[in-house]
Each structure stands twice: as structure tokens, then as C-alpha cells.
Amino acid sequence: MTVALHQRLGGAEGIARLVDDVIAAHLANPLVKTRFEKIKDMAHTKQLVREFLTAGLGSPPTYTGKGMLGAHKSANVSEQEFLAAIDDIVGAMNKNGIDEDSKQDILAIL
Ligand code: HEM
């Protein structure tokens, strides 16, 4: 089931495309862009987000980043920012033609 979802996303390449599109959407979204413009090593952050999603799907590699609390607690993310970021993620999933069931599964993992 989890392996099937990994395949439905287009495997590692599909996941990489999705993560690229999510970050691009955040950088274009006035509600959250300043948060993401500050990231110094975007390649590394994208790698961690790919790992996070892939590990959540039940496939290797293991996630090597911080816990979600450690990564975000000092940022004081508002509810509005959180919802804006989720909107970006849903938009990127739509752009990548991800089906409804898979979208729900991904949101549950996040
Ligand atoms: C579904 C919710 C979210 C998930 C699953 C998620 C996931 C992640 C992951 C895996 C990382 C890498 C952690 C690390 O650097 O070790 C990260 C970093 C980051 N996240 Fe999130 N995130 C979420 C929501 C948000 C929101 C709402 C914001 C701000 C609007 C945000 C802003 C950031 C920023 C700026 C970084 C980079 C931190 C740094 O490099 O110092 N995230 N996130």
C-alpha cells in the first residue's frame, strides 16, 4: 500500500518534482515567501523534505533532518502561514496530477 503510493507519485523522480514545485510555490506566495527566502542551503532543505516524505511513505532513505518541533518551533509559524503553506502543497499536488486518494495520504503523512 505504501509502496504503491510511492509508485503512484512517480517514485524518487516524481517526489523530487513535487518537492521542487512546493518550494517554488512557497517562494511565490506572499504569505510565506520571506520564511523560505532566508534558507541558506536550499539544496539540503529540499533533500530533507524529500527524505521526510519518502520515509513517511514507508520507503528508504531514513530521514536525517531535525524533528518537526525542532525545525519549526523558534519560527512561531502562524495559523495563517500554516494554511497558506498547505495551500501551496495542494496546488503542487494538483499540478503534478496526483489523484485524490494519494493527496489525502500525503496530507496525513505531513
Ligand atoms: C505540513 C507541515 C510541514 C512539514 C511536514 C514541514 C517539513 C519540513 C522539513 C522536513 C524541514 C527540514 C528540517 C531540517 O531543516 O532539519 C523543514 C524546514 C523548514 N520549514 Fe517546514 N514543514 C511544514 C510546515 C512549514 C511551515 C508552515 C513553514 C513556514 C511558513 C515552514 C518553514 C520551514 C523553513 C523556513 C524551513 C527551513 C529551516 C532552516 O533551514 O533553518 N514549514 N520543514
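This is a predicted model: local features need pLDDT of at least 70, side-chain atom pairs count only at pLDDT 80 or more; totals for chains, interfaces and linings use all residues.

Modeller: Residues are numbered from 1 along each chain as its sequence is written, and side-chain values use heavy atoms, with hydrogens and water left out.

Biologist: Which protein residue is the donor of the iron atom of the ligand?

Modeller: Donors are N, O and S atoms within 2.8 Å of the metal (3.2 Å for Na, K and Ca); water is not among the atoms, so sites may look incomplete. One protein atom qualifies here, NE2 at 2.1 Å, and the residue lies in helix H5. The only protein donor is His 72.

Biologist: How many residues surround the ligand?

Modeller: A residue counts as near if one of its heavy atoms lies within 4 Å of the molecule. The closest are Phe 36, Leu 48, Tyr 63, Lys 66 and His 72, and the shell has 19 residues.

Biologist: Which helix gives the most to the shell around the ligand?

Modeller: Helices (H or I, at least four residues) are DSSP runs, numbered from the N terminus. Helix H3 (33-37), helix H4 (42-56), helix H5 (68-72) and helix H6 (79-95) each supply at least two residues. With four residues, the one that gives the most is H4.

Biologist: How far from an oxygen atom of the ligand is a backbone N or O atom of Lys 66?

Modeller: A polar contact is a pair of N or O atoms within 3.5 Å. The backbone atom of Lys 66 and the ligand oxygen form such a pair, at a distance of 2.9 Å.

Biologist: What is the volume of the largest pocket?

Modeller: On a 1 Å grid over the protein atoms alone, a pocket is an open set of points where a 1.4 Å probe fits, with protein on both sides within 12 Å along at least five of seven lines; lining residues have an atom within 4 Å of a point. The largest pocket is lined by 35 residues. A volume is the space filled by probe spheres set on the points, and here the value is about 1,400 Å³.

Biologist: Which peptide bond is cis, with omega near 5 degrees?

Modeller: Most peptide bonds are trans. The cis bond runs from Pro 60 to Pro 61.

Technical notes: A polar contact is a pair of N or O atoms within 3.5 Å; within protein, one must be able to donate a hydrogen and the other to accept it, and residues adjacent in sequence count only if both atoms are side-chain atoms.
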